[in-house]
Amino acid sequence: MLELLDKQMKHMNEMDSNVRHISQAVDIHKEKVARREIGSLASSKNITRTQKVVQPSQRERTQKYMRAKIDFNSLDNIGHGVSSSNALPRKFSCSQNELLLLGGM
């Protein structure tokens, strides 16, 4: 009796394996068909032909880097970018009454 059950179990396992194999083959086929349909819906690329870059026969000589000193004094008259109508800078001046109001003396 046990031998008969073992044979049936082996047979069932073989059938299960065959069914799984066929199922995988069907899934692969479905994916191929789906990819083919997607490919047919896609538009083709417009390929423009350009000339290839050709390496020059002689290499250009590069100049040696020389550090140039920066003169920040040339930036002194620029200011913050807002031009004023007065050419001369204004100096702060207060009368004694204004200083008293501000809290001085």
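Visitor: Which residues form a nonpolar patch on the surface?

Guide: Happy to start there: I70, F72, L75 and I78 form the patch, and together they have about 450 Å² of accessible area. Patches are built from residues with over 30% relative accessible area and no salt bridge, joining like charges within 9 Å and nonpolar side chains (Val, Leu, Ile, Met, Phe, Trp, Tyr) within 5 Å. The areas come from the Shrake-Rupley method with a 1.4 Å probe, and for residues only the protein chains shown count as cover.

Visitor: What should I know about the model itself?

Guide: This is a predicted model, in which local features need pLDDT of at least 70 and side-chain atom pairs count only at pLDDT 80 or more, while totals for chains, interfaces and linings use all residues. Residues are numbered from 1 along each chain as its sequence is written, and side-chain values use heavy atoms, leaving out hydrogens and water.

Visitor: Why is I78 called exposed?

Guide: Buried means under 20% relative accessible area, exposed means over 50%, and partly exposed lies in between (1.4 Å probe, protein chains only). I78 has 55% relative accessibility, so I78 counts as exposed. I78 sits in the loop between α1 (2–41) and α2 (96–102).

Visitor: How many helices and strands does the chain have?

Guide: There are 2 helices and 0 strands. Both terms refer to DSSP runs numbered from the N terminus: helices are H or I with at least four residues, strands are E with at least two.

Visitor: How does the span of α1 compare with the expected one?

Guide: The expected span is 1.5 Å times one less than the number of residues. With 40 residues, α1 reaches 58 Å from its first C-alpha to its last, close to the expected 58 Å.

Visitor: Why is α1 said to lie largely in the open?

Guide: Of its 40 residues, 0 are buried, so α1 lies largely in the open. For the chain of 105 residues, the buried share is 0%.

Key. Salt bridge = Lys/Arg side-chain N within 4 Å of Asp/Glu carboxyl O.
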